[in-house]
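Good morning, and thank you for making the time. Please look at the sequence and the structure as they come up, and I shall then walk through them.

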Amino acid sequence: TTLPSRPALEAAAFSTEVVLDRSNKDWLKNVGNAPAYLYHVHVGRLTLSAPTFAAGIYLLLMRFLARQYTQVFAMGSACVSDMPLSPEEYQIFEQLGSLAHDVHPDAHACRLKISLV
């Protein structure tokens, strides 16, 4: 996996540009032996399922970065764990915090949902 981020651009407040940092040593150290996530796609191509909790929250992060707020809101209740987060999972949740500059009303709703679950 790569470290995804969306730069805060004054000229394009609602940009969907995503920067993927493939060389961040701290990020890669926490990923461990999973260089990529493999998602299961239903034969009808209507659903996508994540094989692990880390893969699920990474998908949530990528959808948030792409401003797919409806999907993020729907996934918010599924991204719950009663176990302590692994370093890999923790860094993905921390990256969600980097989206605080997203002032779209739907982004606020998604953040609220994620924080309440």
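T47 sits in the loop between β3 and β4, where strands are DSSP runs of E with at least two residues and helices are runs of H or I with at least four, both numbered from the N terminus. Is T47 buried, exposed or partly exposed? Its relative accessibility is 47%, so T47 counts as partly exposed; buried means under 20% relative accessible area, exposed over 50%, and partly exposed in between, with a 1.4 Å probe and protein chains only. Setting aside residues up to four places away in sequence, T47 touches H40, V41 and H42, a contact being heavy atoms within 4.5 Å.

A word on the basis of all this. The model is predicted, with local features needing pLDDT of at least 70 and side-chain atom pairs counting only at pLDDT 80 or more, while totals for chains, interfaces and linings use all residues. Residues are numbered from 1 along each chain as its sequence is written, and side-chain values use heavy atoms, with hydrogens and water left out.

I turn now to helix α2. How many residues of α2 are buried? The count is 10 of 13, and the helix is thus mostly covered. Among the buried residues are A54, G56, Y58, L61 and F64. The elements that cover them include β1 (3–5), α1, β4 (48–49), α3, α4 and α5.

Q95 counts as buried because its relative accessibility is 13%. Apart from neighbours within four places in sequence, Q95 is in contact with L3, P4, S5, W27 and L61.

Next, the aromatic residues. There are 4 aromatic pairs in the structure. Rings of Phe, Tyr and Trp, the last by its six-membered ring, pair if their centres lie within 6.5 Å; planes under 30 degrees apart count as stacked, over 60 as edge-to-face, and the rest as tilted. The ring centres of Y37 and Y58 are 5.2 Å apart and their planes stand at 55 degrees, so this pair is tilted. Y37 belongs to the loop between α1 and β3 (40–41) and Y58 to helix α2, so the pair ties together parts 21 residues apart in sequence. Both Y37 and Y58 are buried. A further tilted pair is formed by F53 and F93, at 6.3 Å centre to centre and 40 degrees between the planes. F53 in helix α2 and F93 in helix α4 are 40 residues apart, and their pair links distant parts of the chain. F53 counts as partly exposed because its relative accessibility is 22%, and F93 counts as partly exposed because its value is 23%. Y37, Y39 and Y58 form one aromatic cluster.

There is also a charge over a ring. K113 lies over the face of F73, 4.3 Å from the ring centre; the rule asks that NZ of Lys or CZ of Arg be within 6 Å of the ring centre and within 35 degrees of the ring normal.

Finally, what follows α2? It is R67, whose phi is positive, near 60 degrees, in a residue other than glycine. The side chains of R67 and D102 meet in a salt bridge, at 2.9 Å from N to O. A salt bridge here is a side-chain nitrogen of Lys or Arg within 4 Å of a carboxyl oxygen of Asp or Glu, and the count comes to 1. R67 lies in the loop between α2 and α3 and D102 in the loop between α4 and α5, 35 residues apart. Both D102 and R67 are buried.
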